[in-house]
Amino acid sequence: MTSTPPAVQVRDLQKSYGGVEAVRGVSFSIAAGETFALLGPNGAGKSTTIEILEGYRARSGGEVSVLGTDPHRGGLEWKARLGIVLQTSNESGNATVTEQLRHFAGFYPHPRDVDEVIDAAGLREKAKTRVSKLSGGQRRRVDVALGIIGRPELLFLDEPTTGFDPEARHQFWHLIRGLKAEGTTILLTTHYLDEAAQLGDRAGIIAGGQLIDIGPLDKIGGADARVPVVRWRDGNGLVREERTSRPAQVVAELVRSLNGAEPEDLEVIRPSLEDVYLSLVRGHEAIPAGTGAAASTNDGRPDPSRRTYKDVRA
Amino acid sequence: MSATVSVARPQNKAPGTLALGLSRIGYETRLYFRSPDTLLFTFFFPFIMLGIFTAAFSSSGNIGANPDGTGGVSVGTYYLPGMLAAGMLLSGVQNLAVDIAGEKSDGTLKRLGGTPLSPLSYFLGKIGQVFVTAILQAGLLLLVARLVLDIALPTEPEKWATFAWVFVFGVITSAFLGIALAAVPRSGRSATAVVAPVVLVLQFISGVYLQFTTLPEWMQNLASIFPLKWMAQGMRSVFLPESFAVAEQSGTWDLPWVAGALGIWLVLGLVLSRVTFRWIRRDA
C-alpha cells in the first residue's frame, strides 16, 4: 500500500576531504514512518553521511533527497520539518531548560507543548535549572528535547543516549516509541546495539565509508550469522564450539557420546545483534580496501562454524 | 490531492523573521547579563576606567585650565566622552566578536543552523542585544557621572541630538564590526586573546585613555582610519565646552567627518559580517 515517497533517499553518496574518501558510494532509503539505524565503528563515515543529510556538509558525488528536497538547497521551511540531535554539544548554557525549550519552540510553525516535552524527556525536576548546571546525561536529554520540540517529520539522532544511565535510556526508548507511534521517521546512529535492536526497524552497517550490509534488524547479517552456537568443554579441558541450526540434536549427540554424562560448561548461544555486527565489521576489515563493495557479503569472513581453542581460564 | 499525509500537521504560518528577531533580542540580552566575564570586561569596564582616571588625576587640577588654575573642566568631565565611546566599542566589537566566536566553537551556531531560525533574525537578536545593553551602559555612565562624580551634563537639546545620532550610528557600526571580527579567532578560547588587544590598542590611540591632542601626529592620523576616534570626537563635542574644539585635529568638532567616517565603517562592517558569517565552518 506504499505510494508514499521515501523520507530519505541516498544513491551512490560520496564524500572526500582532500584526498581522503570518507564515504564511498553509499546507497539506502528510509520509508516514511520508519526507524532506520545506521551502525558502524568510529570513523566509518556515519557522521559524515548524517551531516550531509542534515544539510551541514556538501557531498562530493551521488544523489540525496531528504523529505523530497536536496539538503544542500534546503531552506527554512525544509528545516522546520526536521529535528536534529547532534553528536556533541558543549554550549555555555546560561539559559534554563524551560527558557531554552520555549525559545526554540518559537522557531517552528507548530511546535510541541514545552511542558509536555519537558515531562517526556524526564526533565521536570530540572526545568528551572540552567543547562550549564546539568550533568552530561541531563544535558543530552535537553539536546533530545530540543530536537523534538518542533514536531519534526524526520528526526536525526546521532548517538543520542551517550552518558545516559540505564533508567534514562529506557525512558528515552519509551519517548522514541511514542514518536514512532505518531509516525515520525527516525534516523538513528548508536554504539549501543541493544538500542538499535530495541528501536530500529531496519539497519545499515557502514564500515570504511561503505555500506556493508542493510536489512531488517532481525535479518541483518544473513541467516548464517544467526545460527546458534553450542559450546562446551571437552574431556581435555578445551572449549569446543559448534554452529548448528539444530542445537538440541547436537547436545543430544554430545550427551550420547559421553555415555549420558553431563557436558561441562554447556551453553547454547543465539548470536545477538552485537555478535552479528561484530562479525560483519571484522569480516569487512579483513578484506583489503576496495574489494568489499558488495552489500551483504560473507566473503572474507573467517568461517566461524567450527573452531577449537585453548580456554584462557584453564 | 493524494491522501499521503503521514503525520497530522496543522498548517500554521511560520513565525516571522522580525518577530523571531525580537524574541532573540530578549533571549540574548538575558544571557548577556548572566555571563560574568562579559559583564566585567564589556559592561562595567568603562566605569572602572572612569573611576581610576578620576581618582588618579584629579589632584593635578582641571584639564584645559588657565595658567592661574581657573577654568577648564574636571578630569571626570574630560574623560566621560571617551568612556562613553569606549562603551560603544566594547558593547559592539568586543562583546559580539568574543560571543559569536564562542558560539561558533561550542556548537551553538551549528545547532541554530539546523533549525528554521533565519540568519537575519539571529543578526537582529545580536544587534538588538548590543543596542539594549549599550543604552543601559551609557545611561548608567551618565547617571554615575552626574550623581557620583558631580559632572555637569549639557542642557541644550542640540547637544543631545548629536549624542543620539553619534550613539546610534556608533553602536550599530560596532555591532557589525564585532560580527565581522568574530570570523578571525580560530576557537572560542582564543577569541578574547585575539579581540582584547585590538580593542585595547584602539582605545589608547583614539583618545579614550590618553588626551588625543597630546598624541604624536602620526598616531592621530593612524587613529583617524578607525571608527573609535570619531566616536570619541563626536562625544567630546557633546560633553566638552566649545572652547575645547580648537584642541581637535582641525580645530573644530568636524561633525560631518564623524558622520562620514562612521557611515563608511557601518557599510564596511555590514558587508564584512554578511560575507564572513557562517553557521558552521565550511568543510573542504
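In the predicted model, helix H3 of chain A passes helix H5 of chain A in a right-handed crossing. H3(A) spans residues 97-105 and H5(A) spans residues 136-148, and their axes come within 9 Å and cross at roughly 20 degrees. Because angles under 35 degrees count as roughly parallel, H3(A) and H5(A) are described as roughly parallel to each other. On the H3(A) side, the contact is made by Val97(A), Gln100(A), Leu101(A) and Phe104(A). These residues meet Val142(A), Ala145(A) and Leu146(A) in H5(A). By residue class, the contact of H3(A) with H5(A) divides into 6 nonpolar residues and 1 polar residue, with no charged residue.

Chain A also contains an antiparallel pair of strands, S8 (residues 202-207) and S9 (residues 210-216), which are joined over 6 bridges. Within this pairing, Ile206(A) in S8(A) has Leu211(A) in S9(A) as its bridge partner. The two strands form a hairpin with 2 residues between them. Gly208(A) lies in the turn of this hairpin and has a positive phi of about 55 degrees.

Taken as a whole, chain A holds 10 helices and 13 strands. Of its 314 residues, 41% are buried. When contacts in chain A between residues at least 6 apart in sequence are considered, 67% of them join residues at least 24 apart.

The C-alpha atoms of chain B fill a box of roughly 95 × 40 × 35 Å along the principal axes. Buried residues account for 42% of the 284 residues in chain B. Among the contacts in chain B with a separation of 6 or more, 80% involve residues 24 or more positions apart.

One helix pair of chain B was examined in detail. The axes of H3(B), residues 45-57, and H4(B) come within 9 Å and cross at roughly 160 degrees. Since an angle over 145 degrees counts as roughly antiparallel, this crossing makes H3(B) roughly antiparallel to H4(B). The crossing of H3(B) and H4(B) is right-handed. H3(B) contributes Phe45(B), Pro46(B), Met49(B), Leu50(B), Phe53(B), Thr54(B) and Phe57(B) to the contact. Their counterparts in H4(B) are Val75(B), Gly76(B), Tyr79(B), Leu80(B), Met83(B), Ala86(B), Gly87(B) and Leu90(B). The residues of this contact comprise 12 nonpolar and 3 polar, with no charged residue.

The two chains also touch each other, and the contact takes 33 residues from chain A and 29 residues from chain B. On the side of chain B that touches chain A, the elements giving two or more residues are helices H1 (17-32), H4 (75-106) and H5 (108-113) of chain B. The most is given by H1(B), with 4 residues. The residues on this side of chain B divide into 11 nonpolar, 11 polar and 7 charged.

Definitions and conventions
Residues numbered from 1 in each chain as written. Chains lettered and ligands numbered in written order. Predicted model: local features only at pLDDT ≥ 70, side-chain atom pairs only at ≥ 80, totals over all residues. Pairing = 2+ DSSP bridges. Contact = placed C-beta atoms within 7 Å. Nonpolar A, V, L, I, M, F, W, Y, C, P; charged D, E, K, R; others polar. Axes fitted to C-alpha atoms, helices over the stretch in contact; angles between N-to-C directions. Parallel < 35°, antiparallel > 145°, perpendicular 65-115°, else oblique. Left-handed = near helix turned anticlockwise from the far one by under 90°. Buried ≥ 20, exposed ≤ 12 C-beta atoms within 10 Å, placed from the backbone.
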